[in-house]
Amino acid sequence: FFDWGQKMKKKGFNIVFAFIFFFSLAICGCSFLFSSNTISKVEAASGNWSDNCSSAVITGGGTQNNPYIIDTAVKFAYIAWGINNGYSQWNTAFYKQTANIDLSEHNWVPMNTFAGYYDGQGYTLSGLTCDSSLTQFAITKELSGTWINTGFTNVNINVTGQRAHYYISTLAITTTSTSTISGCFVTGTIYAKPDRHVGQQT
């Protein structure tokens, strides 16, 4: 005996199942699209190191006997980010560089101040560059600590906007009476529009 009611129930079940199945696929598809957009946003790097250093993991304790170890550009940029965002203990810590570091991938964002102890151990920081719209530029705007044994190579600082005054340097714009710079050298180019005033270069 053929049960039309049973057939209709089964057909209705199949329709509901198909609807749920395709609805689920649609939701997954939307989720995938939103996930892809989010990932693209995260991976789209800005031109500044401060926006591209969140993956840094720095070893050491920041003391004279156990300094923070700096061996990549991301770690070096993370120092500046931390100091500029209120991590005061980083500003007075001890650092030791253990490899040559290339900074050319992104523009450098200056530390507001550095009162710690940085020993480059004869290694280099190369490819230092900046956003051409800045009027003040250096590794740090003010140095009141110690920076030794570091080569700044292939420096490429170029500011040409319409501004009356520039304060441009490689390491520090200003230094205080407590600062020490020793065993450092610079190679490369620092250029400002010729008819503008350029401040102290260290």
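View 1. The secondary structure of the predicted chain comes to 3 helices and 14 strands. Of its 202 residues, 35% count as buried, and the accessible surface comes to about 11700 Å², with 57% of that area belonging to carbon and sulfur atoms. Among contacts between residues at least 6 apart in sequence, 76% join residues that are at least 24 apart.

**View 2. The open sheet formed by β3, β5, β9 and β13.** These 4 strands follow the order β3-β5-β9-β13, and their pairing is parallel. The edges are held by β3 (101-102) and β13 (185-192), each of which has a single partner strand, so one side of each is left without a neighbour in the sheet.

**View 3. Helix α2 and the glycine just after it.** Helix α2 runs over residues 73-84, and its 12 residues reach 17 Å from the first C-alpha to the last, close to the 16 Å expected at 1.5 Å a residue. Several of its residues are buried, among them Phe76, Ile79, Ala80 and Ile83, and also Lys75. Just after the helix, glycine 86 takes a positive phi of about 90°.

**View 4. The largest nonpolar core.** In soluble globular proteins, nonpolar side chains tend to be buried together. The largest nonpolar core of this model has 35 residues, and those touching the most other members are Phe76, Tyr95, Leu103, Trp108, Met111, Ile139 and Trp147. At least two residues of this core come from each of β1 (68-70), α2, β9 and β10 (165-168), and α2 gives the most, with 6 residues. When neighbours within four places in sequence are left aside, methionine 111 is in contact with Ile79, Ala80, Ile83, Asn84, Ile139, Thr140, Lys141 and Trp147.

View 5. A search of the whole structure finds 13 aromatic pairs. In one of them, the rings of tyrosine 87 and tryptophan 90 have their centres 5.0 Å apart and their planes at 25°, an angle under 30 degrees, so the pair is stacked. Tyrosine 87 is partly exposed, with a relative accessible area of 35%, whereas tryptophan 90, at 14% relative accessibility, counts as buried. Elsewhere, ring pairs link Tyr68, Phe76, Tyr95, Trp108, Phe114, Tyr118 and Trp147 into a cluster.

View 6. With neighbours within four places in sequence left aside, threonine 140 is in contact with Met111, Asn112, Thr113, Phe114, Leu171, Ala172 and Ile173. Threonine 150, by contrast, lies in the loop between β8 (146-148) and β9, and with a relative accessibility of 1% threonine 150 also counts as buried. Its contacts, again leaving aside neighbours within four places in sequence, include Gln97, Tyr118, Gly120, Tyr123 and Leu125, together with Gly183, Cys184 and Phe185.

Note on methods
Residues numbered from 1 in each chain as written. Predicted model: local features only at pLDDT ≥ 70, side-chain atom pairs only at ≥ 80, totals over all residues. Heavy atoms only, no water. Expected span 1.5 Å × (residues − 1). Buried < 20%, exposed > 50% of the residue type's maximum accessible area, 1.4 Å probe, protein only. Phe/Tyr/Trp six-rings, centres within 6.5 Å; stacked < 30°, edge-to-face > 60°. Pairing = 2+ DSSP bridges. Core = buried A, V, L, I, M, F, W, Y, C linked by side-chain atoms within 4.5 Å. Contact = heavy atoms within 4.5 Å. Areas by Shrake-Rupley, 256 points an atom, 1.4 Å probe, with all protein chains shown as cover.
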